[in-house]
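Thanks for coming, everyone. Let me put the structure up, and then I'll walk you through a few things in it.

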Protein chains: 2
Amino acid sequence: MRELISNIRLQVHQKTFVKDPETSELGKNLIRESILLIDEIGFENFTFKKLGERIKSNESSVYRYFENKHKLLLYLASWYWSYLEYRLVFATNNIEDPCVRLKIAIGIVTEKVLDDTDTAHINEAILSRIIIAEFSKVMHTKEVDQENKEGFFLIYKRLNARIVSIIKEINPNYPFAESLVSTVISGALHQHFLSEHLESLSSIDSGKSVSEFYTHLITNTIQN
Amino acid sequence: MRELISNIRLQVHQKTFVKDPETSELGKNLIRESILLIDEIGFENFTFKKLGERIKSNESSVYRYFENKHKLLLYLASWYWSYLEYRLVFATNNIEDPCVRLKIAIGIVTEKVLDDTDTAHINEAILSRIIIAEFSKVMHTKEVDQENKEGFFLIYKRLNARIVSIIKEINPNYPFAESLVSTVISGALHQHFLSEHLESLSSIDSGKSVSEFYTHLITNTIQN
DNA sequence: ACAAATCGATAGTAACACTATTAATTTTGC
DNA sequence: GCAAAATTAATAGTGTTACTATCGATTTGT
């Protein structure tokens, strides 16, 4: 796993960036520090000026890589879902039983993400904290339909579709597979958020994990 | 229902406003037009200056009612959840069977909201569109813990708790009641959003409703 | 009738979200 | 090895946002 990922460039939608940050040291630096800075101060308080200072460069250099901070967040989200998709495909490869594949898939999209030490400039654990806190803002804009048309959400949709197809293999008659999967994927982010900030809205604690909750939920739902 | 609501002032957290908008014509105007304006241009593009012009007043007058636009959104959200809670309490009153109560409750928090013609200055249908599009932004800020401590989310938490207690009546051994309810309430908003903007992630269409999906989901989940 | 509250209008500030220009440095293509 | 091309850092500038402060004019309460 570790070695594989370090040799494979995860696919991110071209239109999210002006210049590919993977092609230069400054670009990788920018990605690494933007993840740390957004995590520290939150997306609302994050600006390209602050990021420029942080990487000991300046605002105008950041603008050469990304149009604006929304596109940067789109890039980070796109990378994150691509990373999960890769792990899902890898972990379910060659497993015949769709019920086993489903359980593995649920685990990957609902468990807390740990840092994968091989992608040097991206701390996956911190990136997942950003996704938990900020991903909803990627979609909830007035430009969502336009951006959807341009394909910005393809990777996210493909990840959803993969799990939908496993469910349809198990029970082709269950009529809400798409809604169930999108509920689980975005719900899992939300449960991690609630267990940290609004505990009374969540049953998750040291004894009960997000994965257990959703595994139980899906298993019981699709059998009928 | 209609007559009752028009005589009862829904409780909204005091700290969300500087001056209660319900106490003046300008205030009610401000609420009515802010709902329409946020719906039209989105919360990111919404400013107090634009709102001031729209109500033929000005920026500084709006600031006399709300500290900033985040607090205004908090007020609208607080009002919305209070409205749903009221409808839920009213609709489940005097019904003994908890399974029936649960089904009614699920319907109220997952169905599309129609305009209640009695609150003259608030269009509930449009307000619910705003909540679907923007509610996640109310919570996903760096100030969430502070605001939670100050009680800004009490109404939302109380609504969740009401449904949790119905589930615990039906099955006291189900270990994930809080997570299930918060998944359903925020998931329902998300499903409405997806069915409008990212259809492939949702199973909802003219033949299948959000309520049916969640009723099926909850029923099957809590029985085991 | 008088005081207090409310409102509309204007002005001002710091930060944000960019765009444009330029000069220095680095990379590359031959 | 060198000229051309690309990249970068730095500066300046513009319009907008998110406020704060002040000040008369009007309305309201007693």
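Okay, let's start with chain A: of its 224 residues, 58% count as buried, where buried means under 20% relative accessible area, exposed means over 50%, and partly exposed is in between, using a 1.4 Å probe and protein chains only. Before I go on, this is a predicted model, where local features need pLDDT of at least 70, side-chain atom pairs count only at pLDDT 80 or more, and totals for chains, interfaces and linings use all residues. Residues are numbered from 1 along each chain as its sequence is written, chains are lettered from A and ligands numbered from 1 in the order in which they are written, and side-chain values use heavy atoms, with hydrogens and water left out.

So what is chain A built from? It has 11 helices and zero strands; helices here are DSSP runs of H or I with at least four residues, strands are runs of E with at least two, and both are numbered from the N terminus. The radius of gyration of chain A is 18 Å, close to the 17 Å from the globule rule for 224 residues, so chain A is as compact as a globular protein of that length. That radius is taken over C-alpha atoms, and the rule is 2.2 Å times the number of residues to the power 0.38. Those C-alpha atoms fill a box of roughly 55 × 40 × 35 Å along the principal axes.

Now one residue on the inside. Ser82(A) sits in helix 5, residues 69-92, and with 5% relative accessibility it counts as buried. Setting aside neighbours within four places in sequence, Ser82(A) touches Leu10(A), Gln11(A) and Ile155(A), contact being heavy atoms within 4.5 Å.

At 80% relative accessibility, Lys56(A) counts as exposed. Its phi is near 55°, a positive value in a residue other than glycine. Most residues other than glycine have a negative phi.

Over to chain B, and helix 11, residues 210-222. Is that helix enclosed or open? Of its 13 residues, 10 are buried, so helix 11 of chain B is largely enclosed by the rest of the structure. Among the buried ones are Phe213(B), Tyr214(B) and Leu217(B). What do they pack against? The buried residues of this helix pack against helix 10 (177-197) and helix 11 (210-222) of chain A, along with helix 6 (98-110), helix 9 (154-170) and helix 10 (177-197) of chain B.
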